[in-house]
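Biologist: Could we go through the helix packing in this model, and then its confidence?

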Amino acid sequence: MDAAFTEEQQEIRRTLRALLLKRCGPDEVKAAVRTPPGYDEGLWRQLATRLGLPGLALPAAYGGVGCGPAELALACEETGRAVLPSPLVATAALAAPLILALGGERQRAELLPALAAGELTATLVVPGGRLATALALTGPNDGDWAGGGRAGGIQARRQDGTWRLYGEAGQVLNGHTADVLVVAAHTGGFARGRTLLFLVRATASGPAAPSDTRRAGRAAGTEGAEEAHGAGASGGAGVPGLLRTRQTALDETRPQARLELRDVPAELLGGEGEGEGEGGDAAAVAAALAATGVTAAAVLAAEAVGAADAALARTVAYVRQREQFGRPIGSFQAVQHRLADLYVLLQAARSAAYYAAWSAGGGRTGGGGAAGAYGAAEPGVGALALAQALETLRAVASEAVQLHGGIGFTWEHEAHLYFKRAACDELLLGPAHRLRARAAEEAGLFTDGARGTGRGGGTGGSRGAGDSRGADDGAAVSASGGAGGSTETSVSRGPGGGGAVAASREGGEGRAAQAGSGADGHRAAPAPPGAGEEPGRGRAAEAVEA
């Protein structure tokens with residue numbers, strides 16, 4: 001791995017940072033999020049035409065720049081530094097890679113050049129707010145997360161040779177303005193159920209024509225907490241049966257929407273004819289979503305690192321000029337220690353994000369104009385980098401609010417832009433402990449022997465492991481962790497073993513107990529502390545080894 005950036009990558013960072021410094025200050029960000037689209041459309045067009053940002057990781061054959069995930073991550077680090085509200089992540093990191101991986105040649109030729117040029121925006125629609133699950137970031141994505149069975153989620157069925165979608169989805173990134181929707185839907189009924197991806201085009205007359213849903217939003221103005229963007233069944237450029245409503249979110253720089261689909265016409269991503277991609281293969285869809293999740297995790301991690309870097313820089317600048325007791329508060333050792341700890345966290349998160357982006361590109365260090373999917377990334381690297389970055393951003397943003405003192409607690413202060421971004425990103429993509437658990441599972445840290453028969457998993461992130469030994473060995477070991485973060489470990493001996501060791505930890509507090517039991521099952525008197533122990537060995541360690 002060559003850790004040095006190429007000249008092209010450095011130029012991408014310099015150019016983008018200079019442009020955002022001029023056009024995307026805190027005041028401009030706050031003004032942009034209060035518009036119906038939720039971002040500055042003029043700045044977005046400039047980023048697309050001047051820098052080719054939406055097509056940075058797309059092949060040159062489809063109008064892209066021909067770079068890779070590493071360049072896209074570097075660009076997102078700069079947009080994160082400015083807390084830029086834009087459809088970049090939804091378009092370039094979620095929707096476009098899926099169209100490239102699964103779409104037929106006709107779909108690629110129609111959509112990818114327009115997406116790369118910024119003429120169209122796109123997003124991934126996942127029902128139930130299960131974006132992290134769909135991308136295999138917090139667990140396997142081979143289940144019925146799109147709405148299994150006969151109800152719930154989004155259902156797809158064929159009617160008169162046309163696919164129809166019925167259902168709803170919330171927390172869709174830029175869902176109220178996206179021109180192309182990549183919708184995950186359940187099809188096949190109960191017996192032959194599977195999850196496939198479908199295309200819904202919110203524009204009917206070419207890339208340059210805005211849909212009536214967006215015109216309705218602009219006409220509605222900015223009053224109220226939500227803007228409704230509906231598409232009626234009576235003609236127009238919108239899609240009949242599609243209703244899009246912008247949701248109120250804590251982080252306004254990451255616009256989200258609720259989508260209602262009532263028999264909305266759609267086309268299968270990849271088609272069903274020969275040579276039209278692999279859209280009808282549920283296994284290929286799950287694999288493409290997982291590969292997209294690796295890239296998206298690296299990109300979002302880099303974005304969080306950029307935001308944390310900017311928040312830390314603002315905090316350092318403030319403590320240098322803010323005086324208390326006749327001296328800058330940055331001269332106090334306690335403040336310096338807190339800032340030094342944040343700097344170490346930030347550099348660790350940056351290294352993890354860069355490595356994840358490099359791994360997502362198959363180890364490519366520069367843009368080579370690859371026409372297909374990148375090589376397989378190292379297992380778990382994306383989820384691990386995202387967990388590290390989200391925790392770092394949360395820590396830096398919290399300290400920024402604290403060290404800014406009274407002014408930092410005002411809701412209008414710039415520090416809250418980073419604090420809201422940290423809180424909402426973890427709610428949307430995390431939590432961090434589930435990302436780490438998934439990374440450990442993908443990396444194979446938990447072997448089959450360690451899991452044993454006591455393993456269990458639930459939606460709350462619970463984990464269990466068990467390993468039982470025979471009666472002659474006389475010992476049993478089990479461990480379990482619940483959704484609340486509590487863990488319990490017990491070691492007991494079988495008949496003739498004469499001892500039991502149990503340890504549990506709940507809410508960060510640990511308790512341990514040791515008791516002896518005879519062959520008749522009655523409790524014996526507790527042994528005095530240290531009895532029978534070898535120097536430097538604990539009773540629990542002795543029992544486990546036995």
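Modeller: Contact here means heavy atoms within 4.5 Å. This is a predicted model, in which local features need pLDDT of at least 70 and side-chain atom pairs count only at pLDDT 80 or more, while totals for chains, interfaces and linings use all residues. Residues are numbered from 1 along each chain as its sequence is written, and side-chain values use heavy atoms, with hydrogens and water left out.

Biologist: Which residues of H11 meet H13?

Modeller: Ala-383, Leu-384, Leu-386, Ala-387, Gln-388, Leu-390 and Glu-391 in H11 meet Ala-432, Leu-435, Arg-436 and Ala-439 in H13. By class, eight residues of this contact are nonpolar, one is polar and two are charged. Ala, Val, Leu, Ile, Met, Phe, Trp, Tyr, Cys and Pro count as nonpolar, Asp, Glu, Lys and Arg as charged, and the others, Gly among them, as polar.

Biologist: At what angle do H11 and H13 pack?

Modeller: H11 (residues 381-403) and H13 (residues 432-443) pack at about 160°, their axes 8 Å apart. H11 is therefore roughly antiparallel to H13, a term for angles over 145 degrees.

Biologist: And how do H10 and H11 pack?

Modeller: H10 (residues 333-360) packs against H11 at about 155°, with axes 9 Å apart. The contact of H10 with H11 has 17 nonpolar, five polar and two charged residues.

Biologist: Changing topic, what pLDDT does the chain average?

Modeller: The average is 77, and 70% of the residues score at least 70; pLDDT is the predictor's confidence in each residue, from 0 to 100. Over residues 205-236 the pLDDT is below 50, and over residues 449-546 it stays under 50. Where pLDDT is low, the predicted coordinates should not be read in detail.

Methods. Axes fitted to C-alpha atoms, helices over the stretch in contact; angles between N-to-C directions. Helix = DSSP H or I, 4+ residues; strand = E, 2+ residues; numbered from the N terminus. Parallel < 35°, antiparallel > 145°, perpendicular 65-115°, else oblique.
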